[in-house]
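Here is a short briefing for a reader new to this structure. Take a look at the model, then work through the points below.

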Amino acid sequence: MNLVTLHFHQFSKKIGISIFAFLLFSFSFVPKAQAQDYTSDELFQMARRAAFDSSNYPRAIEYLKEALTYSPNYSDVRIFLGRIYTWTKEKDSARAAFTYVLQNNPQSEDAASAFTDLEYWDDKYEAALKYCNWGLTYHPESEELLLKKSKILNAMQEYESAYNVIDSLLRLNPKNEQARAFMNTIKESSSINKISIGYNYVYFDKQFSDPWHLLNVAYSRSTKLGSVVTRINYANRFQNNGVQGEIDFYPKISKTFYAYTNIGFSGTNNVFPRFRMGASLYANLPWSMEGEIGFRYLKFTSNVWMYTASVGKYYRNFWFNLRTFLTPSNSDVSKSFTLTTRYYNGGADDYYYLSLGTGVSPDDPANAPILGLQQKLKSKKIGAGFNHVINTFNIISVGITWSHEEYKADTFGNQYNFGVSYQRRF
């Protein structure tokens, strides 16, 4: 190695050492915040993506714990950590997270709500009610907490208190679809026994010379398997009297499905069908929707089979339902359609309704016997009425329906059906 080459290597070595020392010196003065890879907010969002997009809860917990090392009082981060602990059954860790937030921020609605969920899902209703009331102390008009409180009271079988809470929620916001639906659940839970009486007066301007009179009395009872309804129907029509006995059963299958079954007997062929039965399967669908498929069978002097399907939807204060009945006969199929709309003025049993349709429904006791006389003739109808609750458990219903029916080929008449009923839940 010559002298020039030796000096060059020594010079290069000194330059390298100087650059390394400079970089080490510079990094030692970088502020801590700049040295972090992510901020607390970024780690929070990363945790949410890990939890919701890929259900990777361990990774989400890592991100949240790292965020809390930088921001220990970041309530949203700690509440979300507690919720993940709740979902992964780490209940003590979840309680510790929620307790920390409420001690440092007692007015946190989210923390009270999350703590309520934890205890409610763990069937610790007293504790759930404690934290729900905690949140309501600071947020008395919180719809989320009011709904949860009603659910807790219902689970504790304090039905009247649960009803009062949900009723106050609906007074705050009649458009709350979840509250309206849960009010039905409370009534189903609390009203083990129900009695009702109803009367219909049916007038024809051409088809029949005498009006029809119908009277029904019903008793129902809720059981663990579902509701059972027994009903006695009396009618005077075609200048004859008749009596029919019916039993309805609404079995609970799961949180998604429930069913309807019916069987009825009568001793006459014209006033009522001699025998009837029916069944439907209902499904609670996403977006506040419900679907149904089923059949009805009526035996007069001949047999009538009908198949039905319907779809319902809640939207704000409205409920819409479209139903069809299909009746096969020889090579033809008769069709009927009915669109029903309800406008809720308060609770689940306070509403006005309007219905438009064609054809005859086998579920309409006022007109079902016509199916034994004429299955293919044309008709159209419009109905309106209301339901109103008095003192919580008394319900009155009033309605009127006008029908324009073809009672023989190319000959039409008008029919007017006036109905009123009263129901008592206890």
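**Helix pairs**

In the contact between two helices, Ser40, Leu43, Phe44, Met46, Ala47, Ala50 and Ala51 of α3 meet Tyr57, Arg59, Ala60, Tyr63, Leu64, Glu66, Ala67 and Tyr70 of α4. By class, twelve residues of this contact are nonpolar, one is polar and two are charged. The model is a predicted one. The protein has eleven helices and 14 strands.

*α3 with α4*

- Helix α3 spans residues 40-54, and helix α4 spans residues 57-70.
- Their axes come within 8 Å and cross at roughly 165°.
- Angles over 145 degrees count as roughly antiparallel, so α3 is roughly antiparallel to α4.
- The crossing of α3 past α4 is left-handed.

*α6 with α7*

- Helix α6 covers residues 91-104, and helix α7 covers residues 109-121.
- The two pack at an angle of about 155°, and their axes are 9 Å apart.
- α6 and α7 are therefore roughly antiparallel to each other.
- α6 passes α7 in a left-handed crossing.
- On the α6 side, the contact residues are Lys91, Ala94, Arg95, Phe98, Thr99, Val101 and Leu102.
- On the α7 side, they are Ala111, Ala112, Ala114, Phe115, Leu118 and Glu119.
- Nine residues of this contact are nonpolar, one is polar and three are charged.

**Strands and hairpins**

- Strand β1 (residues 193-204) and strand β2 (residues 212-222) run antiparallel, joined by ten bridges.
- Which residue of β2 is the bridge partner of Lys194? The partner is Ser220.
- β2 also pairs with strand β3 (residues 226-237).
- Ten bridges join β2 to β3, and these strands run antiparallel.
- Arg221 has Val228 of β3 as its bridge partner.
- A hairpin of three residues links β2 to β3.

- Strand β8 (residues 303-315) is joined to strand β9 (residues 318-329) by nine bridges, and the two run antiparallel.
- Lys313 has Phe320 in β9 as its bridge partner.
- β8 and β9 form a hairpin with two residues between them.
- In that turn, Arg316 has a positive phi of about 55°.
- Twelve bridges join β9 to strand β10 (residues 332-344), again with an antiparallel run.
- Thr327 stands opposite Ser334 in β10.
- β9 and β10 form a hairpin too, with two residues between them.
- Asn330 in the turn between β9 and β10 has a positive phi of about 55°.

- Where does Lys149 sit? Its place is in helix α9, which spans residues 143-155.
- Leaving aside residues up to four places away in sequence, Lys149 touches Leu129, Cys132, Asn133, Leu136 and Val165.
- Lys149 and Ala128 are 21 residues apart in sequence.
- In space, Lys149 and Ala128 are 8.4 Å apart, C-alpha to C-alpha.

**The protein as a whole**

- How many residues does the protein have, and what share is buried? There are 426 residues, and buried ones make up 42%.
- Consider the contacts between residues at least 6 apart in sequence. Of these, 45% join residues at least 24 apart.

Definitions and conventions: Residues are numbered from 1 along each chain as its sequence is written. This is a predicted model: local features need pLDDT of at least 70, side-chain atom pairs count only at pLDDT 80 or more; totals for chains, interfaces and linings use all residues. Side-chain values use heavy atoms; hydrogens and water are left out. Axes are lines fitted to C-alpha atoms, for helices over the stretch in contact, and angles run from 0 to 180 degrees between N-to-C directions. Helices (H or I, at least four residues) and strands (E, at least two) are DSSP runs, numbered from the N terminus. Angles under 35 degrees count as roughly parallel, over 145 as roughly antiparallel, 65 to 115 as roughly perpendicular and the rest as oblique. A crossing is left-handed if the near helix is turned anticlockwise from the far one by less than a right angle, and right-handed if clockwise. Contact means heavy atoms within 4.5 Å. Ala, Val, Leu, Ile, Met, Phe, Trp, Tyr, Cys and Pro count as nonpolar, Asp, Glu, Lys and Arg as charged, and the others, Gly among them, as polar. Two strands pair if DSSP finds at least two bridges between them. Buried means under 20% relative accessible area, exposed over 50%, partly exposed in between (1.4 Å probe, protein chains only).
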